[in-house]
Amino acid sequence: MSNGILIIDKPEGWTSMDVCAKIRGILREKRVGHGGTLDPMATGVLPVFVGRATRAVEFAADSEKEYIAGLLLGVVTNTQDTSGEVLEERPVHVSQEELEAVLNRFRGPIEQIPPMYSAIKINGKKLYELARKGKEVERKPRPVTIHRLEATRGGFYWNDRAAKPEHPNLFFLRVRCSKGTYVRTLCHDIGQALGCGGCMSSLRRTLAAGYTLAEAVTLEQVQEQGEALLRPLDSLFQQYPALTVRSPGQEKRVRCGNSITLPGTADGTYRIYGQAGEFLCLSQARDGTLTSVKNFF
C-alpha cells in the first residue's frame, strides 16, 4: 500500500481533482487527496496525499501559500482572470511607482469579497453554478492576510525559468498569503484601486504547506518512478520538534489514544515517534503532559 506525500507541479488545464485521479490510477490507491485547490489555469505546487497520509490533508490546507501572478491592467472580466468574458477595457497609464503606492493598501489583514466564479456555497448552491446562469448574489467580505506583496514588470524567477512580460500593461506580483485568499480577486481589486481595472493573466504557486517548486515533480515523473517519489508524512511537520516515547508502555498508551507524561517537556506541538522510529502522531504538550492532536499510525 502506498503512503506518503507527492509534491506535484500541476500542469495548466488540469483541475486539482484531475491530478488526484491520475495518481490514483498510477499508484492503484483509492485514498488520494490534495492540500489546496488550484484553478485549471494555474500551475505549480500541489501537495497530494496518498494512503494513510490523507489524514493530514487538513494541515496542508490551512498553511500559508505563495504565488507569482500576472496582473493585466486595463481589462476587467467576469471571472477576474483572462479565462473569462471581457466586460470592459480601459486605457492604462500606470507607472511602477503608482502601482507600488497602491499595493500598500493590500498588505497585511484585508477583506475580500469572494468572486462569483468560485466553489463557495451560499444557500446550498455553488457560486459558479449561479454565475453560469447569469445570476449574482450578495457575498460577505472575508478576512485574509497578505504577508508579502511585490510587483515588477520584468517577472520573477522560478526553477531558472523567468516569467516574461507579453503585454505593455502586464505586471507580475509575488504574493504570500493566508488560507482562503483569492489571488485573482486581489488582481481585480488592485486594478480597481488604480482606476483602470485589471485581472489575473497567469498564476503559478511557488509554495504550499512548506513545500517549494524546487521540490515538485511532474506527473510524467510519477508515471515513471511511482512510489519512489513519495515523501514521508512527517515531512509535513518539520517545523515541530521531535520526541521519541521512552518506553514500550508509553508507546502502547499513545497507540491507544491516551496521553503520556514527559516531565520537563516545554509546552508546544511535537512530532511523536515510537521506539522503532515510526511516526505516530502530532501531539500538544502542556505542563509535561502530551495529548494527541492527530494519530497517523
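**Group meeting: a walk through the predicted model**

Okay, let's start at Thr-77, which sits in strand β5, residues 75-77. Strands here are DSSP runs of E with at least two residues, helices are runs of H or I with at least four, and both are numbered from the N terminus. Before going on, a quick word on ground rules: this is a predicted model, where local features need pLDDT of at least 70, side-chain atom pairs count only at pLDDT 80 or more, and totals for chains, interfaces and linings use all residues. Residues are numbered from 1 along each chain as its sequence is written, and side-chain values use heavy atoms, with hydrogens and water left out.

Back to Thr-77. Is Thr-77 buried or exposed? It's buried, because its relative accessibility is 5%; buried means under 20% relative accessible area, exposed means over 50%, and partly exposed is in between, using a 1.4 Å probe and protein chains only. The Thr-77 side chain also reaches the backbone oxygen of Asp-81, at 2.7 Å. If we skip residues up to four places away in sequence, Thr-77 touches Gly-84, Glu-85, Val-86, Leu-87 and Cys-199. Contact, by the way, means heavy atoms within 4.5 Å.

Next stop, Gly-33. You'll find Gly-33 in strand β2, residues 32-34, and it's buried, with a relative accessible area of 15%. Setting aside neighbours within four places in sequence, the contacts of Gly-33 are Cys-20, Pro-47, Val-48, Phe-49, Thr-54 and Val-57.

Cys-20 brings up the cysteines. Cys-20 is buried, with a relative accessible area of 0%.

Now over to helix α3, residues 96-103, where Leu-99 lies. Leu-99 counts as buried because its relative accessibility is 0%. Beyond its neighbours within four places in sequence, Leu-99 is in contact with Leu-71, Val-94, Ala-151, Phe-171, Ile-190 and Leu-194. Leu-99 and Glu-150 are 51 residues apart in sequence, but C-alpha to C-alpha they're 9.9 Å apart in space.

Most residues other than glycine have a negative phi. Arg-28, though, has a positive phi, near 55°. Arg-28 is in the loop between α1 (16-27) and β2, and it's exposed, with a relative accessible area of 78%. Asp-287 has a positive phi too, near 55°. Asp-287 lies in the loop between β19 (279-286) and β20 (289-295), and at 67% relative accessibility it counts as exposed.

Zooming out to finish: the protein has seven helices and 20 strands, and its C-alpha atoms fill a box of roughly 70 × 45 × 45 Å along the principal axes. Of its 297 residues, 50% are buried. And among contacts between residues at least 6 apart in sequence, 67% join residues at least 24 apart.

Conventions:
A polar contact is a pair of N or O atoms within 3.5 Å; within protein, one must be able to donate a hydrogen and the other to accept it, and residues adjacent in sequence count only if both atoms are side-chain atoms.
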